Amino acid sequence: MNGIWKNSMSCLRIGKMPQRCQSGCHPVAPLGSRILTDPAKVFEHNMWDHMQWSKEEEAAARKKVEENSAVRILLEEQVKYESEARKYWDTFYKIHKNKFFKDRNWLLREFPEILPVDQKNEEKATELSWDHAKTNPANCFSRMHCHAMPEEKSHCKKSSGLSDSQSKAGSNFSNLDSEKHRKGPLKTELFPGSNATFRILEVGCGAGNSVFPILNTLQNAPESFLYCCDFASGAVELVKSHSSYRAAQCCAFVHDVCDDGLPYPFPDGILDVILLVFVLSSIHPDRMQGVVNRLFKLLKPGGMLLFRDYGRYDKTQLRFKRGHCLSENFYVRGDGTRAYFFSEGEVHNMFCKAGLDEKQNLVDRRLQVNRKKQVIMHRVWVQGKFQKPLQLTQKSSKLVFSLFSHS
């Protein structure tokens with residue numbers, strides 16, 4: 001790593017700034033504009049954007065990965081990490097509770113699709129500050145007049161609560177157990193969030209570091225509903241016991257996304273947004289495609305899946321020692337939790353194979369700075385936005401035409 005750091009200081013280049021938001025009806029997010037042009041000023045900020053690596057830097061990183069992955073963990077132990085994955089994450093949250101991860105206050109800037117914003121409010125959405133929304137969400141939404149829900153404008157302006165039936169559905173479900181749902185999905189009229197017009201699901205919610213910033217922002221948008229799940233029951237309990245948790249607008253539940261036979265507490269095809277942030281990397285590579293395929297079914301036509309996770313040669317990957325590699329680019333930490341490091345091409349293939357249209361797929365390279373210790377670290381993430389097609393497939397179109405022609 002020292003070689004990479006030294007090269008960073010001597011071989012700084014400014015690359016083309018990737019478009020941060022390319023999903024059509026949403027504004028360009030305002031992040032990603034802090035460019036380091038003078039190496040002498042590297043310690044003036046905690047993070048620098050759009051760092052391109054030299055060939056020497058990439059070669060040094062590749063060599064480091066070859067070294068730390070030369071020794072693979074025995075297959076018998078790998079089976080243990082897979083079969084006991086839930087236990088390791090439960091232990092993690094039992095120890096760290098909600099103190100380990102910081103709240104993701106960058107979410108709205110990178111993923112403005114989280115908000116139910118229509119085209120008429122694109123200009124206002126660009127001005128919306130996540131930090132301001134977090135501290136004073138009422139003002140933000142009063143400025144926007146809740147145009148996101150045109151069918152219920154007057155109701156949205158006057159009310160900050162959900163309907164009694166939606167609140168009751170959310171409250172009833174919060175006490176249910178995932179095992180009970182193995183018998184089948186809930187009836188349509190009973191599912192939590194059934195009266196909402198805009199629905200979000202966060203997969204792998206952990207202790208709620210995305211949940212509560214989103215809830216604080218949506219609290220004056222009563223037609224919105226947030227689902228969040230994690231297969232660590234301890235994490236879900238942390239979310240449900242939080243002072244900001246509202247069963248009237250949020251449903252937290254235990255769910256293993258790798259279990260294709262486990263129903264969700266809502267019907268397929270109703271979600272506007274799925275948030276998949278730093279969770280797919282913790283799943284065995286052989287099971288990732290199945291997870292994405294299942295999530296595809298949950299989206300409504302035109303719905304967005306928002307993805308962000310570890311990229312190839314991120315400093316986290318380079319820091320692994322020998323003996324922690326499970327398979328190519330897949331590692332286990334000392335606490336038994338696992339991490340995979342994606343390439344841009346892998347992300348493209350996986351989501352497009354599931355039937356989603358790629359709207360954004362970029363490698364986000366940044367320079368993280370510890371000013372106190374005078375240390376710099378390369379961060380590499382992959383970020384993508386994928387949309388469920390609005391159009392019927394050719395096969396479905398032929399079926400519909402056949403039905404009409406015979407009616």
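**Strands, cores and confidence in a predicted model**

Strand β3 pairs with strand β4 (residues 250–254) in the parallel sense, over five bridges. In this predicted model, one of the contacts between the two strands can be named by residue: Cys 228 has Ala 252 in β4 as its bridge partner.

Together with helix α11 (residues 211–218), β2 and β3 make a right-handed β-α-β unit.

The nonpolar cores come next. The largest nonpolar core holds 43 residues, of which Leu 201, Tyr 227, Phe 266, Leu 280 and Phe 351 touch the most other members. Helix α13 (residues 285–298) supplies the largest share of this core, with six residues. Beyond its neighbours within four places in sequence, Leu 201 is in contact with a set of residues including Tyr 227, Cys 229, Phe 253, Phe 266, Ile 274 and Leu 298. Another core, of 26 residues, lies apart from the largest one; among its members are Phe 198, Cys 228, Val 273 and Val 277.

A further sheet is open and consists of three strands in the order β7-β8-β9, with antiparallel pairing. Strands β7 (325–327) and β9 (338–340) stand at the edges with a single partner strand each, so one side of each is left without a neighbour in the sheet. On average, neighbouring strands of this sheet are turned by 30° against each other, direction ignored. Three bridges join β8 (residues 330–332) to β9, and Phe 330 stands opposite Tyr 340 in β9.

Confidence must be considered alongside these features. The protein averages a pLDDT of 76, and 67% of the residues score at least 70. Over residues 4–31 the pLDDT stays under 50, and the model has 78 contacts beyond four places in sequence for this stretch. Residues 118–188 likewise have a pLDDT below 50, with 117 contacts in the model beyond near neighbours in sequence. Where pLDDT is low, the predicted coordinates should not be read in detail.

Note on methods: Residues are numbered from 1 along each chain as its sequence is written. This is a predicted model: local features need pLDDT of at least 70, side-chain atom pairs count only at pLDDT 80 or more; totals for chains, interfaces and linings use all residues. Side-chain values use heavy atoms; hydrogens and water are left out. Two strands pair if DSSP finds at least two bridges between them. Helices (H or I, at least four residues) and strands (E, at least two) are DSSP runs, numbered from the N terminus. Axes are lines fitted to C-alpha atoms, for helices over the stretch in contact, and angles run from 0 to 180 degrees between N-to-C directions. pLDDT is the predictor's confidence in each residue, from 0 to 100. Contact means heavy atoms within 4.5 Å. A nonpolar core is a set of buried Ala, Val, Leu, Ile, Met, Phe, Trp, Tyr and Cys residues joined through side-chain atoms within 4.5 Å. Buried means under 20% relative accessible area, exposed over 50%, partly exposed in between (1.4 Å probe, protein chains only). A crossover is right-handed if, with the strands pointing away from the viewer, the path from the first strand over the helix to the second runs clockwise.
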